[in-house]
Amino acid sequence: MIRSRWPLLLKAALTFALLGAVISYIDLGDVWQRVRSADPLLLAGAVALMAGGYVLCGIRWAWMAEGLGIEVSPSRKVRLYFLGMFASLFLPSTIGGDVVRAVLLAKSEGRTSMAVPAAASVVLDRINGLYALVLLISVCMLAFSWPTEFWIVWILMAGGMWLLLLLIPWLWQRLPARLSRFQELPLASPRFRRMWWRSLPVSMLFQIMVVQTHVLLGMAVGLDMSWAAFAVMVGLVALVSILPVSLNGFGLREAGYIGLASWLGADAS
């Protein structure tokens, strides 16, 4: 029992350590003054933009599920997406909301045979967004000077992702026998590939909306950075937050935003 709690305890320790480091690094009084004087119109615009982005994500998820043979109306998918995002606010993991979405989708179908396709639609929805995010970061990083070692690692990672995407149809037919249940997913079918590529521009638009949301929030509190700087900061922090090393990404996001913003020449507070 105690051993099973160690991962959660380690996540909590890292979360509080990072938050403690953030608090010791910034001027909380200055932060509070900036929050109090934030422009409410810009804040409202950021909320509206993010809500619109989640609607797009629900539609993208509907297309992904359709490619896997799950016929659910886009409006239903949008509602489930918002429920999953709401649940993720209170769960100790960044993927908690995704689990909720998969369970709700499978139950809405009313068939246990839909469990694997429902879970796969959520995972693939996330992966589609990840490809768009990496592409956006790659373009925006060209506006800055980075160490050569960083570029080498980044190009190898991004290039490997796209190579893997091209090889999926070939690899999918060669899964080991113990994964034969997943081989039933029609990832190599023309219908799924059509839905995948149809979803990618939507994912890119969503990522742009996420960055613009942060730009509006930054403007509301006087954070002076270029759009490309916001994109790099938000994108890299989003990638790091995927790692299951803290409680729902807390600490990682805060330290990442402040660290990258400071490195890019912005005011930490």
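## Exercises on a predicted model

Tyr-131 is buried, at a relative accessible area of 5%. The model used in these exercises is predicted.

**Exercise 1.** Find the ring that pairs with Tyr-131, and classify the pair.

*Solution.* 
- Start with the whole structure: a search finds 10 aromatic pairs.
- One of them joins Tyr-131 to Trp-196, with 5.9 Å centre to centre and 80° between the planes.
- Planes over 60 degrees apart count as edge-to-face, so 80° puts this pair in that class.
- Now place the partners. Tyr-131 sits in helix α6 and Trp-196 in helix α9, so the pair ties together parts 65 residues apart in sequence.

**Exercise 2.** Classify the pair of Trp-146 and Phe-150, and decide whether each residue is buried or partly exposed.

*Solution.* 
- The ring centres are 4.9 Å apart and the planes make an angle of 20°.
- Planes under 30 degrees apart count as stacked, and this pair is stacked.
- The cut-off for buried is under 20% relative accessible area. Trp-146, at 12%, is buried.
- Phe-150, at 27%, is partly exposed.
- Ring pairs link Trp-146 and Phe-150 with Phe-144, Trp-154 and Trp-263 into a cluster.

**Exercise 3.** Describe the surroundings of Arg-60.

*Solution.* 
- Locate the residue: Arg-60 belongs to helix α3, which spans residues 40-67.
- List the contacts, setting aside neighbours within four places in sequence. Arg-60 touches Tyr-81, Asp-125, Asn-128, Gly-129, Ser-199, Val-202 and Ser-203.
- Look for a polar contact. The side chains of Arg-60 and Ser-203 make one, at 2.8 Å.

**Exercise 4.** Work out what lines the second largest pocket, and which helix supplies the largest share.

*Solution.* 
- Take the volume: the second largest pocket holds about 420 Å³ of space.
- Count the lining: 18 residues. Nearest the centre are Leu-124, Leu-165, Ile-168, Leu-187 and Phe-192.
- Sort by helix. α6 (115-141), α7 (148-172) and α9 (190-221) each give at least two lining residues.
- Pick the main supplier: α7 contributes the largest share, seven residues.
- The lining has 17 nonpolar residues, no polar ones and one charged.

Technical notes. Residues numbered from 1 in each chain as written. Predicted model: local features only at pLDDT ≥ 70, side-chain atom pairs only at ≥ 80, totals over all residues. Heavy atoms only, no water. Helix = DSSP H or I, 4+ residues; strand = E, 2+ residues; numbered from the N terminus. Polar contact = N/O pair within 3.5 Å; in protein donor to acceptor, adjacent residues only side chain to side chain. Contact = heavy atoms within 4.5 Å. 1 Å grid on protein atoms, 1.4 Å probe; cavity = no way out; pocket = protein on both sides within 12 Å on 5 of 7 lines; lining within 4 Å. Points joined across faces, edges and corners; volume = space filled by probe spheres on them. Nonpolar A, V, L, I, M, F, W, Y, C, P; charged D, E, K, R; others polar. Phe/Tyr/Trp six-rings, centres within 6.5 Å; stacked < 30°, edge-to-face > 60°. Buried < 20%, exposed > 50% of the residue type's maximum accessible area, 1.4 Å probe, protein only.
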